[in-house]
Amino acid sequence: MDFAERVFGLYNYWIAILLMMVGFYVVMASRNLIKKIVGLTIFQTSVFLLYISIGKVRGGSAPIIDKSIETYSNPLPHVLILTAIVVGVATVALGLAFVVRIKEAYGTIEEDEIHKQDEPGD
Amino acid sequence: MSVTLLLSLALTVPLAGAVLIAMSDRKPNQRETMTLVTAVALFSIVVALTTRVLAGERPYLELLDILPGFALAFRIEPLGMMFALVASFLWIVNSIYSIGYMRGNNEKHQTRFYVCFAVALWATMGVAFSANLLSLFVFYELLTISTYPLVTHHGDEKAVRGGRTYLGILLTTSIGVMLPAIILTAYLVGTLDFKTGGILAGKVSDEIGGLLLFLFMYGTGKAALMPIHRWLPAAMVAPTPVSALLHAVAVVKAGVFIVVKLIVYTFGIGYLSKLTNAEWLLYVAGATILIASVIALRSDNLKRRLAYSTVSQLSYVIMAAAILVPISAMGAAIHIAAHAFGKITLFFAAGSIYTAAHKTEVSQLDGIGRRMPWTMGAFAIGALSMIGVPPTVGFISKWYILLGALDAKATAAIVVIVLSTILNAAYFLPVVYAAFFRKPPVDEAHNHGEAPLAIVIALTITAGGTIVLFFLPGLPVALARSMVGLGG
Amino acid sequence: MIDAHLPALQIVLPLVAAPLCVVLRDARAAWALTLLISWAALAIAIMLLVQVLATGPITYELGNWLAPWGIEFRIDGVNAFILVVVSAIAAIVVPYAYASVKAEIEEERIYLFYCMYLLTLTGLLGIVITGDAFNIFVFLEISSLSTYVLVSLGRDRRAMTAAYQYLIMGTIGATFILIGIGLLYMMTGTLNLADLAKRVPPIAESRTVLAAFGFITVGTSLKLALFPLHQWLPNAYAYAPSTVSAFLAGTATKVSLYILIRFIFTVFGASFAFGTLPLDIVLPVLAVLAMFVASTVAIFQQDIKRMLAYSSIAQIGYMILGISFASVTGVAAGLLHIFNHALMKGGLFLALGCVMLRLGSVQIEDMRGLGKRMPVTMAAFVVGALSLIGIPLTAGFISKWYLVLAALEKGQWYFAVLIVLSSLLAVIYMWRVIEAVYFRPVPNTDAARNAREAPLGMLVPMWVLIGANIYFGIETSGSLGVARRAAAMLLGAGS
């Protein structure tokens, strides 16, 4: 593949990877618990985009059966990602619930301050 | 009675006894009776087995396979028979002694003490009768675990630290060195059984054979080869009946028993004598004998002196076996019995002195022979046995070892034997002399008499045994001869 | 008739029972339902194992949709074995949970605990039983999410942060696995494991598949707490309720290990993973690091639950080492240790739960002299410790033997030495506790002086697990036999 194809033809992969790295970085580098969850969400979303984008078939229509259409895009990734989105939502909900309870218990949602509060007791 | 049934009884009686002893917790007299009954029962069974084994029978009992192809199995051969005889007889004597000692010193946790003893003797029987290396390893570890509460009996800081050294060295050597050696043997040879002539010949290369010898010798921590001997003096924190058990009956004897058994039945005397890289064992054992004797010479604490004497005497057995001549192997086997009687007498005496006079150092023993004639008399006999002088059985075993060394022209061994005899005399005879011929210091609390009766009885039995075996060595010699296949 | 649907029932029963717990609301009723269902699940798992050993792998199509388009459950020697391990631990822990949970979680929330417990069980069993890659991800997330909740129910507020950290790291791990599965799907067009096994090897060298393998390996390593991705485990095990620690220690990481095994041996093949790719170097190195670093850290812990958590990380190192030998003995050793470790660690954590109940703490300082006040519990702890160290006649000894044998068979004697040396570290950290418990004087606090033995409902399950250590250390033909068959099948089928 030549350069143009590699960069512009595979743009969906580039975007997915970019988002993946952004999300991953946010998770690792953030000290704020909610920001970590945000990063996690971005990370997960990149994966969703990756999956869905590979389902598209060039020249294929939406996967709704009609006698006149011959090529369809692949519906399976959509199904998989719906499931994954649900999982993601549950994860975020749970994560945020934890953050609420942590705030109640510690008074802060900054990781360093939580560590400091735990250290002497550890 | 079928001989296999006898064998199974020998293996279950001590354990059953332990349960009965545990159940007699609140009733000391009943508990002590249980101990004695169990010990006597075990000895009777072992004697019955001995007559069969001398007649040529080799009872075999196989339980299940723990690992595919390797079973928990038992087979009695002459060396194991001798070990079991010594152990079970001395358990009776040790129990009598313990009753006197534990009550005389008002020790706590006596039930735990007697229960652990019974379990340790059960493990000892298992070691003595194992048919293969796996069973041996199982009971070897059980012996370590069951003697730990005995070593740490007093429960104070010193006992805990002593226990740590004890367990640390024994487990490190067994799990760290012996176990890999066993697995390697299993993998290379395909069997772990004990067979006359050994199982390694033709199956492993010479380098591996040498490596295995090294691993097994240092993996058997209970044989106290230097430098892994440290657990022995560390275990002196235990009450004296435990030291007597550890240093005469169960633990150390298990160690050297395993050494001799491995040399004769796993490696094979013939195989080893052709192995060029096996000579180090003789030199290391010889060095251990001498170095330990020197340390004993410089120890004032009586039990410490006896501990290092034990280290030295154990290496006598190892060195004798390492000479790799049938006669010296016989000497090694007989010495297992000889040293047992002698050393237990010495430890009994040490405990007796502690119980009656509360003295622990050699320098405090001036003139004590006047007040404790039975104790010091027994001590003298035990000392003579260590030195190897007639009319004690120590002479007989030394005689055989010397014969073997001469036969094999092992000059180093002969030198070591001569030197160590001198050293033994140097650290034992002065004690006897001081006890009988020096005047006791006047202003100390010397108004004590002999030790309690139970202790004196035990002392006399073992000291007497040391002399009796000199005049009637038939049984140990016959068993030893049978082991090396010289018939008769 | 029911026989034919056992595989489905294995999942459906706990799945349906979970919301029922919420409906029931009452703590006792929820517990009773959980007890019933977990024992039923165990019965089903045993029946499935027996069937697989007798007649070979079982295939079950969900909804009668044919594979590879439909989702199928595929049970062979390996996952039948793991099914039994997981359901057995779950079943033994529930009777114990009655008293333990009452003491550690508020009454009004206990029914939620049991709901999550059943959901976790569903998820874990589902991961093991399914033959579809994406299904693995779904069940993985089901079990993970409910596990996060279980961990967060601990008394200490640090349980919250531990659960949060576990959530973040666990989700990253699961997402990595998802990426890997997606890449594989991209290249082969199928999600069925058996189908993947056929289609992947021809294209295994392509960059996409290599990337997929990488993602899956890292993702599962995060979930199974392979060093250095183990950071979440110590806190999670230490601050979770005692029952949860006991349950998780025997199941959660093992199931993730199963996922790794399944992908390495069935989908990609041993020769690819260990020959073409450098896993035969990477995994053993990480395993050895786990064994030594984790054991050493364990020695210095004051919180004994934490100490056992680090010990678990080390034990997982053993399992990974066994697997990475890629020989029948090695993989069998790893599989066997999954079983034996569940017995050991489960029993040890249950013992600690008894201590927590009576003492309110599991700090080594507070546990001094406990041997006199809680003799039965501490005796169980000692036996568990002996098994962990690898004393003969215990299950741990058998695992150690096989691991060393596997190393020797491959001529890698240095691993044999390392395995044995790290066992000695276990002696140090376990004996530290035993010394404190038996030889130190009782501290002068009310809790210490009033401590008495735990209730029967907790002692019995604990001794069942500990007793199993001894049973399976002597009667080994069952566990070893199954492990060896499973290993042979894994190595024969793949590669």
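The model is predicted: local features need pLDDT of at least 70, side-chain atom pairs count only at pLDDT 80 or more, and totals for chains, interfaces and linings use all residues. Residues are numbered from 1 along each chain as its sequence is written, chains are lettered from A and ligands numbered from 1 in the order in which they are written, and side-chain values use heavy atoms, without hydrogens and water.

In the A–C interface, 37 residues of chain A contact 30 residues of chain C. The two chains bury about 3,000 Å² between them, 77% of it on carbon and sulfur atoms. Buried area is the accessible area (1.4 Å probe) that two parts lose on being put together, summed over both. C:Arg157, C:Tyr164 and C:Tyr185 supply 23% of the area that chain C buries against chain A, more than any other three residues. Zero salt bridges are found across this interface (side-chain nitrogen of Lys or Arg within 4 Å of a carboxyl oxygen of Asp or Glu). Chains A and B do not touch; their nearest C-alpha atoms lie 28 Å apart.

Helix α2 of chain A (residues 11-29) packs against helix α6 of chain C (residues 158-188) at about 165 degrees, with axes 12 Å apart. Helices are DSSP runs (H or I, at least four residues), numbered from the N terminus. Axes are lines fitted to C-alpha atoms over the stretch in contact, and angles run from 0 to 180 degrees between N-to-C directions. The pair is therefore roughly antiparallel (over 145 degrees). From α2(A), A:Tyr13, A:Met20, A:Phe24 and A:Val27 meet C:Ile168, C:Ile172, C:Phe176, C:Ile179 and C:Met186 of α6(C).

Key: Helices (H or I, at least four residues) and strands (E, at least two) are DSSP runs, numbered from the N terminus. Angles under 35 degrees count as roughly parallel, over 145 as roughly antiparallel, 65 to 115 as roughly perpendicular and the rest as oblique. Contact means heavy atoms within 4.5 Å.
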